[in-house]
Structure formats: structure tokens, C-alpha cells
Amino acid sequence: MSKPIIVGNWKMNGLTADSADRVKQLLAGLTTSPAPGVEVVVCPPFTQLALLAPALKGTPIALGAQDCHKDDKGAHTGDISAAMLADVGATHVILGHSERRRDYNEVDETVREKVLAATQAGLTPIVCIGETEDQRQSGETEDTLGWQIKGSLPDGFTGVVAYEPVWAIGTGLAATAEDIRTTVAFIRAELERQFGDAGKSLRILYGGSVDANNAASILDIENVGGALVGGASLKPDAFLSIIHAVPAA
């Protein structure tokens with residue numbers, strides 16, 4: 001199995017001064033207490049990528065982005081291509097986040113096209129899947145996730161899958177350990193069904209109100225290969241606690 005990965009999604013947060021300070025604190029924390037068995041990625045807003053790339057180069061923290069366009073270039077005002085992200089120093093990109101699916105009506109086919117673009121540019125795509133509260137209450141969780149995997153992940157996918165129950169994002173709610181265990185086991189089985197042996201090694205992250213208090217119990221669940229962290233990633237002490245909560249190999 002690949003190295004566990006902890007990804008910080010800063011969302012629409014971070015001006016120059018506080019972004020630089022946040023990274024400085026994270027690097028200091030990892031110098032004092034290294035986590036060599038963990039891959040760490042921070043995904044700031046587009047405006048902070050060029051600022052943080054030099055600061056993170058050669059450090060234990062990789063730089064990621066929060067989205068990209070499916071095209072390499074063109075007349076797409078306000079969009080950023082995967083090639084542009086790679087050019088500025090990013091190595092990872094979050095795709096298909098529930099907020100993108102909701103706010104911009106992104107469908108699985110759109111996400112799939114972006115994954116192909118990211119892969120072509122040499123980026124590691126972190127693809128989000130997850131069910132809404134209505135889908136969960138209607139017993140449609142597995143159907144929803146199965147179709148999202150099939151629609152969002154292209155053949156030969158080698159990136160990361162992030163399971164984020166939509167009803168647990170930004171709500172302060174987190175799925176129970178049994179909820180996560182059951183659902184992630186289904187995702188693993190579905191990845192193996194759709195991708196064969198390759199599906200056995202794809203990392204599955206959990207995202208949904210992960211914080212310093214619940215990280216250890218979540219990361220200890222079978223098949224959970226890391227976490228996609230939202231609000232807590234803006235707090236260096238909390239994010240460092242989550243990184244250090246990854247079970248020893």
C-alpha cells in the first residue's frame with residue numbers, strides 16, 4: 001500500500017501574509033517532529049500558489065491546487081489549466097469536490113475530463129466522491145458512489161480517491177467509525193471491481209469535518225489511507241496533530 005496522505009484544502013481562505021505564516025508554522029512543526037511516513041499536501045487558493053511554491057520546494061510538504069480546467073489553454077476566462085498549475089510548482093490537484101459539483105454543476109464526465117488533463121500535466125489528481133443527506137437517507141449511498149467512481153475515474157487511474165460524505169462537510173458532523181468503515185470497504189471493493197488489481201493499491205482518503213480530536217480514530221479504520229482536511233488545515237497546530245495521528249506503518 002502507498003504511503004498515507006494528509007491533504008489540507010484551504011478553500012477560499014488565505015491572503016499573502018497569513019498563507020506564508022501558516023506554511024512557516026507547518027514546516028517548523030515538521031522539523032521539530034518529522035512525519036516521514038506521511039505524504040503531506042496543502043492546497044491553497046490559486047492566488048497563493050506562486051508565493052508558496054518556492055517556500056515548499058524540497059520540503060516535506062507538497063503543493064496542490066483546488067481545481068483545474070479540462071483544456072490545456074484557450075478562451076476560458078477565469079479558469080486555470082493543469083499545465084499552468086504544474087508550471088508554477090503544484091504537484092497535486094483536488095477535483096470533483098462536492099462544492100464544485102454543487103456550485104458549478106460539475107458532473108462526473110466533467111470531473112473525468114479534468115482528471116485526464118491533470119494526469120497529462122503530471123499532476124496527481126485527488127478525486128472526491130460522496131453522497132448527499134437525501135441520497136444517504138434514501139439508501140442510495142452505494143449506487144451513488146459506484147456511479148461516481150465509474151463516471152469520474154478514467155481507465156488507468158493512478159491518483160487518489162477522497163470519500164467526503166456531503167452531509168458531513170462544514171457541518172461539524174462526522175460519520176461514525178462504522179459508517180466510514182462500511183462505506184470505505186464498499187469503495188475499495190468497487191475500485192477493485194472496476195480497476196482490477198490496480199484498485200487494491202489506490203489510496204482512499206476520508207474527508208468530512210476531520211479535526212485533531214477525531215483524526216486518530218478515523219485514520220485507524222481499515223482502508224482509510226489518509227484524510228482530506230478542510231477547516232482544521234487552516235490551523236497549523238490542528239493540522240500537525242492530524243498528520244501525527246497517522247498510525248505507524
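Thr 132 lies in the loop between strand S5 (124-129) and helix H6, where helices (H or I, at least four residues) and strands (E, at least two) are DSSP runs numbered from the N terminus. This is a predicted model, in which local features need pLDDT of at least 70 and side-chain atom pairs count only at pLDDT 80 or more, while totals for chains, interfaces and linings use all residues. Residues are numbered from 1 along each chain as its sequence is written, and side-chain values use heavy atoms, with hydrogens and water left out.

**Thr 132**
- Thr 132 has a relative accessible area of 31% and is therefore partly exposed, a class between buried (under 20%) and exposed (over 50%), computed with a 1.4 Å probe and protein chains only.
- Leaving aside residues up to four places away in sequence, Thr 132 touches Val 166 and Trp 167, contact being heavy atoms within 4.5 Å.
- Between the C-alpha atoms of Thr 132 and Ala 86, which are 46 residues apart along the chain, the separation is 32 Å.

**Negative patch**
- Glu 133, Asp 134, Glu 140, Glu 142 and Asp 143 form a negative surface patch, made of residues with over 30% relative accessible area and no salt bridge, with like charges joined within 9 Å; a salt bridge is a side-chain nitrogen of Lys or Arg within 4 Å of a carboxyl oxygen of Asp or Glu.
- Helix H6 (133-137) and helix H7 (141-152) are the elements that give two or more residues to this patch.
- Asp 143, found in helix H7, counts as exposed because its relative accessibility is 54%.

**Helix H10**
- In helix H10 (residues 236-244), the buried residues include Pro 236, Phe 239 and Ile 243.
- The buried residues of H10 pack against strand S1 (5-9), helix H1 (16-32), strand S2 (39-43), helix H9 (215-219) and strand S8 (226-229).

Note on methods. Patch = residues over 30% accessible without salt bridge, like charges linked within 9 Å, V, L, I, M, F, W, Y side chains within 5 Å. Areas by Shrake-Rupley, 256 points an atom, 1.4 Å probe, with all protein chains shown as cover. Lys, Arg positive; Asp, Glu negative; His and termini not counted. Charge placed at Lys NZ, Arg CZ, Asp CG, Glu CD.
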